[in-house]
Amino acid sequence: MSASHSYIMPTYSPQPISFTRGEGSWLYTADNTPYLDALTGIAVCGLGHCHPKVTQAIQEQAATLVHTSNLFQIEWQEKAAEALCTAAGMDSVFFANSGAEANEAALKMARLYGHQKGYKKPKVIVMEKSFHGRTLLTVTATANPKAREGFFTLDSDFIRVPFGDIEAIRQAAQDNEEVTAVLLEPIQGEGGLNTAKDGFAYLEQVQALCDEQDWLFMIDEVQTGNGRTGKYFAFQHSNAKPDVVSTAKGLGNGFPIGACMVRGRARDLFQVGSHGSTYGGTPLGSRVVHTVYDVLSNTDIMQNAVTEGNYIQQTLSEELKELGVTTRGHGMMIGVVLPKGTDCGSFVDQARDTEQLILNITGGHVIRLLPPLNMKRDESDQLIERLSRLIKATLN
């Protein structure tokens with residue numbers, strides 16, 4: 001391959017850097033230069049890079065049995081399903097390969113639910129600034145115009161309302177008799193680390209309306225789940241009980257796997273032949289899920305996410321308040337909100353090249369921090385110091 005040509009389809013514009021290994025909160029280049037990773041593969045490596053228990057599970061299972069297909073019973077899949085449903089308070093789970101596939105399964109259920117009611121054109125209510133994936137159905141549910149452009153999205157199947165506005169959802173119910181479900185993220189990650197004005201109580205309001213209207217209440221926990229906000233799932237900061245929960249990212253700590261869980265009105269929608277996945281829930285993937293569950297459930301790692309996340313937010317807020325900088329989020333899902341109009345075009349590159357700090361920008365002017373849940377205090381201090389220095393240089 002020549003320096004000017006790549007055989008990789010140009011769906012990304014990768015940064016001019018490559019990492020050869022990772023450990024905990026750190027990534028290393030070939031010359032062993034350390035970079036503090038405050039993005040963790042976009043909320044994927046919640047336990048840090050190469051967590052020893054996850055590494056051991058992958059090595060042992062890869063040497064034992066990787067794949068058989070879902071034509072056969074898979075013991076590790078049963079164990080992972082029980083663990084995950086126990087953590088979420090759900091009844092059963094379908095394993096997929098990604099968050100988009102988990103959300104695709106949820107949206108197929110919503111259509112099936114409407115079909116069983118006799119609806120000719122079932123509709124799902126989704127939120128402004130949402131992100132649910134890049135398959136044709138999930139990209140339609142997504143609000144980002146760049147992700148949707150040119151794909152002839154299925155917009156007549158969805159109704160979009162402002163995030164956090166329960167009255168807008170109520171109005172949608174009055175305007176359309178064939179609404180079948182509501183799909184939302186507890187915190188909007190790609191949309192700018194947005195939280196509802198009523199906090200997690202908003203989820204309870206939405207559930208009450210779904211109960212009243214006999215809709216499916218579906219929560220996208222792809223980014224917020226698996227301990228990211230200090231609870232196993234972010235909806236557990238409330239008393240809400242969703243019918244459908246999707247998750248991925250931190251579910252496998254780097255191993256690609258997703259899950260769609262059901263209870264209540266959605267419990268019996270999928271039957272034999274309704275849905276499938278060749279790779280979903282392999283022995284290898286399922287063992288990784290169970291290992292991540294074991295680490296999250298039997299250590300203080302989620303409490304550490306709360307403690308360190310609060311510390312990072314509070315310290316940054318105090319350090320940068322005179323520059324008009326604020327913070328928002330929960331646990332290790334943190335948005336550092338720069339003043340509107342701030343030129344963030346080169347911010348990611350500057351963080352990487354001058355501070356050896358990995359992060360990204362979302363929502364136009366929000367620095368998104370998704371550090372490992374087990375980040376140590378001295379690493380939190382380094383993150384605060386490096387980021388504060390960069391923001392001050394940018395805004396002064």
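A crossing of two helices is right-handed if the near helix is turned clockwise from the far one by less than a right angle. The legends below describe close-up views of a predicted model.

**View 1. Helix H7 packs against helix H8 in a right-handed crossing.** H7 covers residues 166-175, and H8 covers residues 201-213. Their axes lie 10 Å apart, at an angle of about 15°. Angles under 35 degrees count as roughly parallel, so H7 and H8 are roughly parallel to each other. From H7, the contact takes Ile 166, Ile 169, Arg 170 and Ala 173. These meet Tyr 202, Gln 205, Val 206, Leu 209, Glu 212 and Gln 213 in H8. By class, the contact of H7 with H8 has six nonpolar, two polar and two charged residues.

**View 2. Helix H2 meets helix H9, and this crossing is right-handed too.** H2 spans residues 52-62 and H9 spans residues 283-297. Their axes come within 9 Å and cross at roughly 155°. Angles over 145 degrees count as roughly antiparallel, so that is how H2 and H9 run relative to each other. H2 brings Lys 53, Val 54, Ala 57, Ile 58, Glu 60, Gln 61 and Ala 62 to the contact. H9 answers with Pro 283, Leu 284, Arg 287, Val 288, Thr 291, Val 292, Asp 294 and Val 295. Nine residues of the contact of H2 with H9 are nonpolar, two are polar and four are charged.

**View 3. The largest cavity has a volume of about 50 Å³.** A search of the whole structure turns up two cavities of 30 Å³ or more. Residues from several stretches of the chain line the largest cavity: Leu 107, Ala 110, Arg 111, Pro 122, Lys 123, Val 124, Leu 137, Asp 157, Phe 158 and Thr 180. Helix H4 (99-116) and strand E5 (123-127) each supply at least two of the lining residues. H4 gives the most, with three residues. In this lining, six residues are nonpolar, one is polar and three are charged.

**View 4. The second largest cavity holds about 40 Å³ of space.** Ala 43 and Gly 46 are among the residues that line the second largest cavity. Val 222, Gln 223, Gly 225, Asn 226 and Arg 228 also belong to the lining. Lys 249, Gly 250 and Leu 373 complete the list. By class, the lining of the second largest cavity has three nonpolar, five polar and two charged residues.

**View 5. The second largest pocket has a volume of about 710 Å³.** Of the 25 residues that line the second largest pocket, Gln 77, Val 93, Phe 94, Phe 95 and Phe 270 are the closest to its centre. Helix H3 (75-88), strand E4 (92-96) and strand E10 (258-262) are the elements that give two or more residues to the lining. The largest share of the lining comes from E4, with four residues. Twelve residues of the lining of the second largest pocket are nonpolar, eleven are polar and two are charged.

Methods
Residues are numbered from 1 along each chain as its sequence is written. This is a predicted model: local features need pLDDT of at least 70, side-chain atom pairs count only at pLDDT 80 or more; totals for chains, interfaces and linings use all residues. Side-chain values use heavy atoms; hydrogens and water are left out. On a 1 Å grid over the protein atoms alone, a cavity is a set of points where a 1.4 Å probe fits but cannot get out, and a pocket is an open set with protein on both sides within 12 Å along at least five of seven lines; lining residues have an atom within 4 Å of a point. Grid points are joined across faces, edges and corners, and a volume is the space filled by probe spheres set on the points. Ala, Val, Leu, Ile, Met, Phe, Trp, Tyr, Cys and Pro count as nonpolar, Asp, Glu, Lys and Arg as charged, and the others, Gly among them, as polar. Axes are lines fitted to C-alpha atoms, for helices over the stretch in contact, and angles run from 0 to 180 degrees between N-to-C directions. Angles under 35 degrees count as roughly parallel, over 145 as roughly antiparallel, 65 to 115 as roughly perpendicular and the rest as oblique. Contact means heavy atoms within 4.5 Å.
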